[in-house]
Amino acid sequence: MASGNFDPGLVQRAQKGDEYSRNLLLRRLSKVFERYFKAKIGNQAVVDDLTQCALLRVHSGLPALKQPDKLKAFAMKAALFELHDYYRGRHSPKEKTYEPQMLPERRDSPDEWFGSKFDAERALGTLTPRARRILELREHGYKYKEIAEILDTTETAVKMQVKRAFEKMRSIFTD
């Protein structure tokens with residue numbers, strides 16, 4: 001991929017919040033990451049997971065990038081970290097935001113599913129905005145440590161918030 005695809009001006013616009021520029025950079029990086037991981041791993045499911053994780057690293061680290069002309073090196077370092085985690089057995093595709101025992105029983109009819117959806121919306125509505133934000137970030141694949149940095153709190157506080165949110169939602173589902 002030509003270095004022109006990662007023009008420093010485009011990177012700077014993305015850093016300043018231009019959504020189009022950010023999406024364009026991430027789409028271009030996605031292709032680079034897919035080729036890189038495909039050459040190293042081969043398994044498409046793992047390639048897809050590693051690509052998404054590397055894109056998340058770049059996305060969250062882009063504002064801190066001091067040299068926009070070094071985006072590709074920065075991105076490849078993120079990919080290398082993901083690959084190392086995979087080889088060391090530390091990579092988990094997408095961290096789950098639920099515990100299997102917390103899920104409601106299986107529903108067989110569409111009417112039962114609709115009722116379950118309504119309950120989920122009601123349960124989420126009982127959470128604080130902060131708790132909903134934390135669960136949203138977890139759903140997007142952020143790790144507890146990353147969420148703590150984003151929200152300027154401790155990792156332990158984030159874990160406790162998730163635990164309390166699930167307890168609160170479980171009580172709604174069981175009522």
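## Helices, one side at a time

α6 is followed by G141, whose phi is positive, near 95 degrees. This is a predicted model, where local features need pLDDT of at least 70, side-chain atom pairs count only at pLDDT 80 or more, and totals for chains, interfaces and linings use all residues. Numbering starts from 1 along each chain as its sequence is written, and side-chain values use heavy atoms, with hydrogens and water left out.

Reader: What makes a stretch count as a helix here, and how many are there?
Author: Helices are DSSP runs of H or I with at least four residues, strands are E runs of at least two, and numbering goes from the N terminus. The chain has 8 helices and 0 strands.

Reader: Which residues of α6 are called buried?
Author: Buried means under 20% relative accessible area (exposed is over 50%, partly exposed in between; 1.4 Å probe, protein chains only). In α6, residues 129-139, that gives A131, I134, L135, L137 and R138. They sit on the same side of α6, because their arc around the axis is only 160 degrees, taken from the directions from the helix axis to the C-beta atoms.

Reader: Why are α3 and α4 called oblique?
Author: Their axes, lines fitted to C-alpha atoms over the stretch in contact, are compared by N-to-C direction from 0 to 180 degrees. Helix α3 (residues 44-61) and helix α4 (residues 71-87) cross at roughly 135 degrees, with axes coming within 9 Å. Under 35 counts as roughly parallel, over 145 as roughly antiparallel, 65 to 115 as roughly perpendicular and the rest as oblique, so α3 and α4 are oblique to each other.
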